[in-house]
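Dear colleague,

Please find below the structure that I am handing over to you. My notes on what was found follow it.

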Amino acid sequence: MQTKGSPSCCCSFEDYNLTTEWLLNHTSQRPKVAVICGSGLGLLADGAANKQTFRYQDIPNFPVSTVAGHEGCLVFGTIEDTSCVFMQGHFHLYEGYSLCQVTFPVRIFKLMGVETVLVTNASGAICPDYKVGDIMIIKDHINLPGFAGQHPLFGPNDERFGTRFPCMSDAYSKDLRRLAGQVCSELGCSGFLREGVYCMVSGPNFETIAEARMLQVLGCDSVGMSTVPEVTVAKHCGLRVLGLSLITNMVSLDYSREEKVNHDEVLQIGKMRAEVLQRVVTELISRCSINTH
Ligand SMILES: O=P(O)(O)O[C@H]1O[C@H](CO)[C@@H](O)[C@H]1O
Ligand SMILES: Nc1nc2[nH]cnc2c(=O)[nH]1
């Protein structure tokens, strides 16, 4: 595999196969659902039984996590009868990884037989009606780095994964969004449930006020530094996707606002909502293969 920073795909089909074979040889789990845990949300794996954990550094070709709140472990387990895999920590462009490396695990999941990916993240609210602690079902996204040529599908297209020009107008499964709404309301989360548009920026700095205002004009409800590459690659290879974003802070849209966002605050809100999010994710997994397709 090539090193960090490559503008187009730096992983060959053989790289993906080698990692997939290694995992299939080291676990008897055959996951159908993958959960990608965002900043401070690694506890989502706690709802699984029969857990088997691998550190990213021990998995061939796997990138390693370099950001606080990302444990860097791949956890296999079961929820009711569903075999799943949890990524405790995902990868970001701002860490210096290429988007091919950022999305590497998604194609591994595809090759392992996963059908559904549940992506979670922490994001800042652009929509002024939102509140810290809200859970936003991602309805759609804006791929800002993609507009600037930072796209995970840049380079020769590998037809074994998907088509050259994938459709993205239905990236987030309508059925899964409906199910997530139902589950959240059954679990008493309706009061802090939202549905909106997530925008990815490259980071690592948080937004200036002028940038935040621009994102608001563009129709973004929240902003973060992840998720869109994984969702794009998942959709490209035919996986069903659900995205849940935890609103960890209000993005400043006003020069008179004194509060300053920082990563510790982001992680703290993650902890505050971890338990409820874990119940939502566990319930969703136990129902998603039965109720939707
Ligand atoms: O998207 P995740 O990784 O959940 O985390 C978000 O929070 C971090 C900044 O606090 C950034 O990594 C941003 O993307
Ligand atoms: N870009 C960005 N990412 C975040 N992740 C969590 N909060 C924020 C935010 O306000 N901006």
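Helix 1 and helix 3 lie oblique to each other. Please keep in mind that this is a predicted model. Two packed helices are described by the angle between their axes and by the distance between those axes. Here, helix 1 (residues 13-26) and helix 3 (residues 104-112) pack at an angle of about 60 degrees, and their axes are 9 Å apart. Angles of 65 to 115 degrees would count as roughly perpendicular, and those under 35 degrees as roughly parallel, so the pair is oblique. The crossing of helix 1 and helix 3 is right-handed.

Which residues make the contact? Helix 1 contributes Tyr 16, Asn 17, Thr 19, Thr 20, Leu 23 and Leu 24, while helix 3 contributes Arg 107, Ile 108, Leu 111 and Met 112. Sorted by class, the contact of helix 1 with helix 3 has six nonpolar, three polar and one charged residues.

**Surroundings of ligand 1**

Ligand 1 is surrounded by 13 residues, of which the closest are Gly 38, Ser 39, Asn 121, Met 225 and Ser 226. At least two residues of this shell come from strand 5 (116-125), and at least two come from helix 8 (263-291). The shell around ligand 1 holds nine polar and four nonpolar residues, with no charged residues.

**Annotated region**

An unreviewed UniProt entry lists residues 32-285 as "domain: Nucleoside phosphorylase". Over residues 32-285, the chain is 28% helix and 26% strand. The end C-alpha atoms of this stretch are 10 Å apart.

With kind regards

Definitions and conventions:
Residues are numbered from 1 along each chain as its sequence is written. Chains are lettered from A and ligands numbered from 1 in the order in which they are written. This is a predicted model: local features need pLDDT of at least 70, side-chain atom pairs count only at pLDDT 80 or more; totals for chains, interfaces and linings use all residues. A residue is near a molecule or strand if its C-beta atom, placed from the backbone, lies within 6 Å of it. Helices (H or I, at least four residues) and strands (E, at least two) are DSSP runs, numbered from the N terminus. Ala, Val, Leu, Ile, Met, Phe, Trp, Tyr, Cys and Pro count as nonpolar, Asp, Glu, Lys and Arg as charged, and the others, Gly among them, as polar. UniProt positions are given in the numbering used here, feature names are shortened, and annotations may be inferred rather than shown by experiment. Axes are lines fitted to C-alpha atoms, for helices over the stretch in contact, and angles run from 0 to 180 degrees between N-to-C directions. Angles under 35 degrees count as roughly parallel, over 145 as roughly antiparallel, 65 to 115 as roughly perpendicular and the rest as oblique. A crossing is left-handed if the near helix is turned anticlockwise from the far one by less than a right angle, and right-handed if clockwise. Two residues are in contact if their C-beta atoms, placed from the backbone, lie within 7 Å.
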